[in-house]
Number of protein chains: 2
Amino acid sequence: MSPTALVIIADGSEEIEAVVVIDVLRRAGVYVTVAGLTDDVTVTCSRNVKIQPDVNIATAAKNVPYDVIILPGGLKGANAMSKATSVKDLLTDQDKSCRLIGAICAAPMVLKSHDIGAGRNVTSYPAFKDELSEMFVYNDYDVVVDGHVVTSRGPGTAMKFALKVVRLLCGDDVTNTTASALLFKL
Amino acid sequence: MSPTALVIIADGSEEIEAVVVIDVLRRAGVYVTVAGLTDDVTVTCSRNVKIQPDVNIATAAKNVPYDVIILPGGLKGANAMSKATSVKDLLTDQDKSCRLIGAICAAPMVLKSHDIGAGRNVTSYPAFKDELSEMFVYNDYDVVVDGHVVTSRGPGTAMKFALKVVRLLCGDDVTNTTASALLFKL
Ligand SMILES: [Cu+]
């Protein structure tokens with residue numbers, strides 16, 4: 001059976017981070033559900049790219065578990081996720097079961113808000129280093145894996161982040177084939 | 001005044017290539033119009049990401065000239081653009097005026113179909129090398145600029161391609177600032 005992924009997007013999510021993750025995971029054969037944080041038919045991302053999610057988060061929550069839940073960055077989108085109990089519930093359950101959680105750019109702040117992964121090694125967009133250092137061990141690498149928590153830094157590291165998630169879910173062969181087809185040098 | 005860009009998308013366009021270009025150019029201050037090739041409200045990209053264009057191509061054509069017209073790849077999307085007289089008309093006018101044309105992945109095949117840029121240096125997704133070599137001088141670099149024609153290879157080179165277009169439109173300072181904010185190493 002294919003591994004499954006849930007990618008949550010909200011108004012203000014960073015579109016490169018969202019779309020790179022969705023596309024790369026689908027190329028690798030992961031069954032990806034794109035969930036909108038609200039019931040809106042269209043999500044307006046941080047640079048005004050308008051994306052239509054597959055489902056809303058309430059529907060997505062009925063189909064747990066997912067092998068990975070991924071949160072793209074974009075400050076406004078991440079802030080909305082930080083305030084959403086729907087996201088807290090999904091992440092808390094995912095964390096208790098030690099299933100993968102991915103967060104990039106501003107999204108590691110969502111983990112902090114929902115008290116996920118205290119003490120773990122993480123990275124993020126550099127602007128959040130101080131706030132994240134209060135709860136996590138902060139690193140400057142492009143992608144950081146600590147147990148079932150995978151974090152990364154920004155649009156420029158999104159493909160490396162997506163391929164790391166592919167490596168954890170699908171193994172080395174699928175990862176190398178996917179990276180080659182993308183013409184991405186790992 | 002801000003430079004202007006037209007990005008054309010169609011069902012089957014590669015979503016990473018489309019979104020990276022749109023996002024990076026907007027970050028650099030370029031005024032980007034995303035035009036759908038048909039009148040459909042939603043474009044379904046190659047890995048099923050659904051994007052809502054800003055306008056259809058007929059509306060976009062009323063607002064010429066654009067400082068750059070960019071075609072993302074994705075074979076099915078590129079094939080549709082190869083058959084579209086609306087795209088031929090826009091590209092022919094853009095080419096005659098020596099304004100920038102960008103094409104990535106499968107999209108250099110659209111240039112071939114519409115007889116744009118014969119004899120120029122280009123690159124593309126490697127699969128199209130033989131067909132493109134009939135009309136262009138084929139290169140294996142990630143991004144190739146020859147006059148007002150800029151080409152690139154695939155999703156893994158999309159950010160470098162977008163930043164090259166930024167460099168041509170906005171200069172070195174804006175390019176370096178934009179790349180830094182993306183956390184992308186040029
Ligand atoms: Cu961000």
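Mentor: Let's start with a term: a salt bridge is a side-chain nitrogen of Lys or Arg within 4 Å of a carboxyl oxygen of Asp or Glu. Keep in mind that this is a predicted model, where local features need pLDDT of at least 70, side-chain atom pairs count only at pLDDT 80 or more, and totals for chains, interfaces and linings use all residues. For bookkeeping, residues are numbered from 1 along each chain as its sequence is written, chains are lettered from A and ligands numbered from 1 in the order in which they are written, and side-chain values use heavy atoms, with hydrogens and water left out.

Trainee: OK, why is the pair Arg47(A) and Glu14(A) called a salt bridge?

Mentor: Their side chains come to 3.7 Å, N to O. The cut-off is 4 Å, so the pair passes. The two residues sit 33 apart in the chain: Arg47(A) is in the loop between β3 (43–44) and β4, and Glu14(A) is in the loop between β1 and α1. Those element names come from DSSP runs, numbered from the N terminus (helices are H or I with at least four residues, strands are E with at least two).

Trainee: How many residue pairs are in polar contact across the interface, and what makes a pair count?

Mentor: There are 14, both residues at pLDDT 80 or more. Each is a pair of N or O atoms within 3.5 Å; within protein, one must be able to donate a hydrogen and the other to accept it, and residues adjacent in sequence count only if both atoms are side-chain atoms.

Trainee: How do you know in what sense β4(A) and strand β4 of chain B pair?

Mentor: Two strands pair if DSSP finds at least two bridges between them. These have 3, in the antiparallel sense, so they pass. Gln52(A) stands opposite Lys50(B) there.

Trainee: Within chain A, what makes β5 and β10 edge strands?

Mentor: The 7 strands form an open, mixed sheet in the order β5-β2-β1-β6-β7-β11-β10. β5 (55–56) and β10 each have a single partner strand, so one side of each is left without a neighbour in the sheet. Further in, β1 (residues 4–9) and β6 (residues 68–71) of chain A run parallel over 3 bridges, and Val7(A) has Ile70(A) as its bridge partner.

Trainee: How many bridges does β10(A) make with β11, and in what sense?

Mentor: It makes 4, antiparallel, with strand β11 (residues 149–152) of chain A. Val143(A) faces Ser152(A). The two strands form a hairpin with 2 residues between them, and Gly147(A) in that turn has a positive phi of about 60°.

Trainee: What touches Asp146(A), at the end of that strand?

Mentor: Arg120(A) and Asn121(A) do, not counting residues up to four places away in sequence. The backbone nitrogen of Asn121(A) lies 2.8 Å from a polar atom of the Asp146(A) side chain; the polar-contact limit is 3.5 Å, so that distance falls inside it.

Methods. Contact = heavy atoms within 4.5 Å.
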